[in-house]
Amino acid sequence: MKVLLLSSAYNSLTQQVHVELKALGYRVGVAAATTGEAMRQAVHQFQPDLVLCPMLAQIIPRDIWERYTCIILHPGIVGDRGGNSLDWAILNEETHWGVTAVQAADEVDSGAIWATYEFKMRAASKSSLYRDEVARAAVKAMLVAVRRFESRMFVPAPLDYSRLDVRGRFRPFVKPKERQIDWQCDSVATILRKIRSADGAPGVLDEIDGLPVYLYGAHEEGSLVGKPGQIIAQRHGAICRAAVDGAVWISHLKRKGEHPNDYFKLPATMVLGDRLADVPEAPLAIHAENCGATFRDIWYEERNDVGYVNFRFYNGAMGTDHCRRLEQAMMYARQRPTKVIVLFGGQDFWSNGIHLNLIEAAADPAEESWRNINAMNDFVLSLLTATDHLTIAAMYGSAGAGGVMMALDADRVLAREGIVLNPHYKGMGGLYGSEYWTYSLPKRVGVVRAKQLTEQCLPISVREAKAIGLIDDIIIQDDLGNGSFGRFKSQIVRIAENFARSEHLAALLERKRAEREADEKIKPLEQYRFEELAEMNQNFWGEDRSYHLARSAFVRKQPRPGHLKCFVALENEVENEPSDEIKSISASRYALPTGGWAEHQPAA
């Protein structure tokens, strides 16, 4: 069966749907639903049996849905309609929410229902809920809807508001005034809800010292207090602002401009600059215990011979300072009398590599790119050379580019079922990449497969990643209930402690040291780094400006010319060597071109 994915962006959910359907053997096309004409062109070229819309910001033209069955994944419960579904769910403190697969119809989100799944809401941002609970429910609903369509026997249920179990209703777009914060009256809980409901986009418009800004990345503070509205502390790029009953940390801001692309998200302290001259730092040691509610992006925990290096970076981006502090945390962990070190990424992302927003905002983006990739390399080196500990990369969130390569340098890579990995760099204007990937990637998957992964620029599922040796095992998530991250963490703890207690650990570590020494004699890590950075030097300072143009467009959410012509069905061609057509494609994991489409043949 041929399934066409029409999506407004090739975001994490669209990638998950893509890799799931591909794994099941369907012929999958992917197209940009940017305009009605682009959708018509894609449908005409692909001639699908079924059209699926994982993420849709445009209305499907009537002439398409009248001819083809079009199923839209709506991030709301049955009966919910409107463009701000999750926003309202957070603002209204819904305890349960869901995803519904609805058929395209005259009125948006009002079509017949193919499948629906609900989940418990947690206190989190819209973006975090979307990447976790919404994504898992959406993939489940999508798979059920596809099977039901394929059976040719299922009749989708019409939306009937007279039914008692239909709780949803139409909701208009959230108006800015409904999210406006009154720092003199609003409680911490209210402020958190307002900012979290707008995280990702559009942000909550506010004013700080006369500067209009959008707020993102809200965290509760449990001990600091001050005059409501006053900025009372700063820490690692975030600011702490007092409320009537406590305080709130805000990690990122975006200045308001006349045009949408005038400014982009940056750490709050960077945006405010000299306005924070009198605001004190509130340092917190990485090994501090029982800190209560606060903002921390890196911290260390230890129990039962296992050290845990935790990191949570906004959107998975790692700037120079993040990398330096993560390296320090790793070196601290290596000095502890433990046997196993676990790298614990966050719930939203594991890592997406270097911080493109910070690089774009730098006075000299090429120089900051160089500083950032070298800091990233220094951290990876601290992981690669940790021969006295068994190291584990625990990946709950998806990862891309240098974030994937960073994980591969651990002894064991464990990933949650359902996430997507993008082990490539070239989508960002032909970026070569570093993080010692030319050592670690071929070591895991072989030279041919390593070239294929980095040249094709396609996402892969964790099942495929395990099959080819990219990761070691998959942590199964068996339901859509709340607390999934906690259960994942508990499973990782049991695995790590089992390694720490194992009578075979000493032999494992001895073999690890011997292998590292043998590899170093064949080709030193310094040489891998030198060769990778020689390529990166050309990306940063060479005549070809593709990386800088692509980075600027990505950060400012603008179309990037020439990227992702299509996802080509050339899997059989690249068993030994990527074809010239694949080499010429500048793919991207962030967006789709207008009118682009693609087809994947099922694997043989």
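Student: In what sense do β1 and strand β2 pair, and over how many bridges?
Tutor: In this predicted model, β1 spans residues 2-7 and strand β2 spans residues 27-32. One of the contacts that tie them is a bridge in which Val 3 has Val 28 of β2 as its partner. The two strands pair in the parallel sense, over 6 bridges.

Student: Which strands stand at the edges of the open sheet of 6 strands?
Tutor: The order of this sheet is β13-β14-β15-β17-β19-β22, with mixed pairing. A strand at the edge has a single partner, so one of its sides is left without a neighbour in the sheet. The strands in that position are β13 (298-303) and β22 (473-475).

Student: Which residue in β22 stands opposite Arg 416?
Tutor: Strand β19 covers residues 412-416 and pairs with β22 in the parallel sense over 3 bridges. Strands of a sheet pair through backbone hydrogen bonds, in either a parallel or an antiparallel arrangement. In β22, the residue opposite Arg 416 is Ile 475.

Student: At about what angle to β13 does helix α9 run?
Tutor: Helix α9, residues 320-335, lies across β13, β14 (306-311), β15 (340-344) and β17 (390-395). Its direction relative to β13 is given by an angle of about 15°.

Student: Why are the buried residues of α18 on the same side, and what arc do they cover?
Tutor: The buried residues of α18 are Leu 525, Tyr 528, Arg 529, Glu 532, Leu 533, Met 536, Asn 539 and Phe 540. An α-helix has 3.6 residues a turn, so residues three or four places apart point the same way.

Student: How are α13 and α18 oriented to each other?
Tutor: Helix α13 (437-445) is among the elements that cover the buried residues of α18, and Trp 437, Thr 438 and Tyr 439 in α13 meet Leu 525, Tyr 528 and Glu 532 in α18. The two helices pack with their axes 8 Å apart and at an angle of about 110°. Angles of 65 to 115 degrees count as roughly perpendicular, and α13 and α18 are therefore roughly perpendicular.

Terms used
Residues are numbered from 1 along each chain as its sequence is written. This is a predicted model: local features need pLDDT of at least 70, side-chain atom pairs count only at pLDDT 80 or more; totals for chains, interfaces and linings use all residues. Side-chain values use heavy atoms; hydrogens and water are left out. Two strands pair if DSSP finds at least two bridges between them. Helices (H or I, at least four residues) and strands (E, at least two) are DSSP runs, numbered from the N terminus. Contact means heavy atoms within 4.5 Å. Axes are lines fitted to C-alpha atoms, for helices over the stretch in contact, and angles run from 0 to 180 degrees between N-to-C directions. Buried means under 20% relative accessible area, exposed over 50%, partly exposed in between (1.4 Å probe, protein chains only). Angles under 35 degrees count as roughly parallel, over 145 as roughly antiparallel, 65 to 115 as roughly perpendicular and the rest as oblique.
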